[in-house]
Each structure stands twice: as C-alpha cells, then as structure tokens.
Amino acid sequence: MADNLLKRYLFASDFDQTLTFNDSGYVLAELVGIPTAEFERKAKGMAKLNLVQQGAELAYLLLHDPEFRARVRKEHLHEVGQRIRLKENIALLYRVLNEGIDGYQFEFYVLSAAPVEVIQSALEGMVPADHIYGTEFRYTAGGEIESIVRATAGYGKVAVLDQLQAELQIGPDHIVYSGDGSSDVHVMLHVNARDGFTIAVSEAKLVSQVASRTVLSRSAVAVLVPIFEDIVHWDRLRIRQFFESYGLLIQEWDRVRTDWLTLRPALVDAGSAPGSPVKKVPGDLTLQ
Ligand SMILES: [Mg+2]
C-alpha cells in the first residue's frame, strides 16, 4: 500500500552554467560596456581574497566596484536575463519533475548567487517566480543598487535550502541538488551528509568529486538520467522510452568512470626511474 503513496522530493538547481551556458556576470559586463577581461580580472581577484562566499563576487562588485556601481541599474539585470543563453528544455524539465514521473513529485527550485532579477527574467514562463531564489538587492528610487538584502552564494545556499525543506516538509534524504561550480560545494556537502542526492553538471574537479553523479549535456533534462537511475530505479531502455515519449531521442550516451589521480615520484634509491606525473580521465556521463 505504501507503494501507492506519492514520493515527494525537493529538486534544487543552480542557475549560472547549470541552466545556462555562461555566467550572468559576463553578460552584464558586456551589456554595460565593461570589457569581459576586466570583469574576469576583478571577479578572480575577489575570489582569491576569500572575502565573500564563493559565487558572490558579482554581488560584491555590483555594490562596491565604482565602475559597476555607476553603470548598473535594475533594468540591466532584467535585460541580462533576456540575453543569457539558456540550456535546452528547461520548461520540460520543470514539467516532468513536477508531474511527469509516476509515483514521484519533485518540487523544482532555483538557488543561485546571480541577481534574482536576472534569473526571474530568464526563466519567465518556465519556472514560477516564487520558486527562484537569487541574490536580492535594495534599490534607490533611480534604480541604483543601494545594499544587499541576501546573497544566495556558498553557505547562503544551505540556509535557503534548509528554509525550503522546512516549509515544504520534505525529509533531508529527499533532496536533490544540481550545480556546476565551486559555489555549489558547500550545499552539496550539506545535502550529501544528510543522505540527499547531488548532481554535478560540469567536470570542475571540486564539484564532480563531491557530487553523487556527474552528467554533461547541452540539455537541461539530462539531469533526469541520474534521477531515473538512482532514485526512480529505471533501466536504460525505460529511460530512453521516456525521453522518446517527449519527442527527444538520446543520440549519444557515453559513460566513463572518473578517477582523479595525482602521482608524484616516490622517494626511491638513486638510479630508479621517477613515477609519471598527472593522470586525469574526464567524464562520467555525456548526453548530446
Ligand atoms: Mg553555477
């Protein structure tokens, strides 16, 4: 009888480079006429200082960098959302997770360090605005950024996830988190430690080492594959048939187990040959 009960999960996804192909910060810099190389230099400099949570570099620059502060207005953030290149099939991903899998329901939320206006504008009509948590600013009457209300980066993502979990009354082992970069490491460690499930959508070493699974694809629905395999327990044939029922053919499905090794020469007797240096095999799962 318990089998007939709907199993409820919370599916939380990062935005930049998880649902998109590039970072909001680059698109914004370009839009307001700041060279991307300049933005990159500043963002990397910020990251190196460890002054703000990983992923909050843009939020910090918007508030404290004279160039960004002088040029960026609220309407630019909306415009960035219109310009940013999204991965394919985000609306379908939302629909499938919400109501497409028999016996399961996944509440889809976005947790991102990007300004909330950017994400809401980009995902309009795909993900409800109240399912989107991004960095929030307070603005002056003229649309200038005045202060930060909340930065959803690094440990800030853990705080929002905990709040959502409490509101939705979903157990910690029914949480799935998907992300691509270093700003997702905190939240992934948190989810894993409480028996949740984590998906890396990039080969970035920090996240792919921490995540339960890694999946690489141009399509947002690829994250369904590890969910189908490890949570819903479907086999490959059933997964292929499911995608076909939505008009999507899996053209390529490669799986490579990823081992990350760094070898260094051992201390040996004089005259022995030194060991080989670095070996890195990328992959896990690639869908086209
Ligand atoms: Mg990201």
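In the predicted model, Lys42, Ala43, Met46 and Ala47 of helix H2 meet Glu57, Leu58, Tyr60 and Leu61 of helix H3. Two residues are taken to be in contact if their C-beta atoms, placed from the backbone, lie within 7 Å. By class, this contact of H2 with H3 comprises 6 nonpolar, no polar and 2 charged residues. In this classification Ala, Val, Leu, Ile, Met, Phe, Trp, Tyr, Cys and Pro are nonpolar, Asp, Glu, Lys and Arg are charged, and the others, Gly among them, are polar. Residues are numbered from 1 along each chain as its sequence is written. The model being a predicted one, local features need pLDDT of at least 70, side-chain atom pairs count only at pLDDT 80 or more, and totals for chains, interfaces and linings use all residues.

The mean pLDDT of the protein is 90, and 92% of its residues reach 70 or more; pLDDT is the predictor's confidence in each residue, from 0 to 100. Over residues 275-283 pLDDT stays under 50, and the model has 17 contacts beyond four places in sequence for this stretch. Where pLDDT is low, the predicted coordinates should not be read in detail.

Helices (H or I, at least four residues) and strands (E, at least two) are DSSP runs, numbered from the N terminus. Two packed helices are described by the angle between their axes and the distance between the axes. Axes are lines fitted to C-alpha atoms, for helices over the stretch in contact, and angles run from 0 to 180 degrees between N-to-C directions. The axes of H2 (residues 36-49) and H3 (residues 57-64) come within 9 Å and cross at roughly 110°. H2 and H3 are therefore roughly perpendicular to each other. On this scale, angles under 35 degrees count as roughly parallel, over 145 as roughly antiparallel, 65 to 115 as roughly perpendicular and the rest as oblique. H2 passes H3 in a right-handed crossing. A crossing is right-handed if the near helix is turned clockwise from the far one by less than a right angle, and left-handed if anticlockwise.

Helix H1 (residues 24-31) packs with helix H5 at an angle of about 115°, the axes being 9 Å apart. The crossing of H1 and H5 is right-handed. Ser24, Val27, Leu28 and Leu31 in H1 meet His76, Glu79, Val80 and Arg83 in H5. The residues of this contact of H1 with H5 are 4 nonpolar, 2 polar and 2 charged.

Glu75 also belongs to helix H5. With 10 C-beta neighbours inside 10 Å, Glu75 counts as exposed. A residue is buried if 20 or more other C-beta atoms lie within 10 Å of its own, exposed if 12 or fewer, and partly exposed in between, with C-beta atoms placed from the backbone. Glu75 and Gly143 are 68 residues apart in sequence, and their C-alpha atoms are 7.5 Å apart in space.

The loop between H5 (74-83) and helix H6 (90-100) contains Asn89. Asn89 is a residue other than glycine with a positive phi, near 65°. Asn89 is buried, with 20 other C-beta atoms within 10 Å. Glu88 lies in the loop between H5 and H6 and is partly exposed, with 14 other C-beta atoms within 10 Å. Leaving aside neighbours within four places in sequence, Glu88 is in contact with Arg218, Ser219 and Ala220. The C-alpha atoms of Glu88 and Asn4 are separated by 33 Å, the two residues being 84 residues apart along the chain.

Helix H8 (residues 155-168) and helix H9 (residues 185-193) pack at an angle of about 45°, with axes 7 Å apart. H8 and H9 are therefore oblique to each other. H8 passes H9 in a right-handed crossing. Tyr155, Lys157, Val158 and Leu161 in H8 meet His186, Val187 and His190 in H9. The residues of this contact divide into 4 nonpolar, 2 polar and 1 charged.

In helix H11, Leu224, Val225, Pro226 and Ile227 are buried. His233 lies in the loop between H11 (224-232) and helix H12 (236-245). The phi of His233 is positive, about 60°, although His233 is not a glycine. With 8 C-beta neighbours inside 10 Å, His233 counts as exposed. H12 is hardly covered, with a count of 1 buried residue among its 10 residues. Gly247, which follows H12, has a positive phi near 80°.
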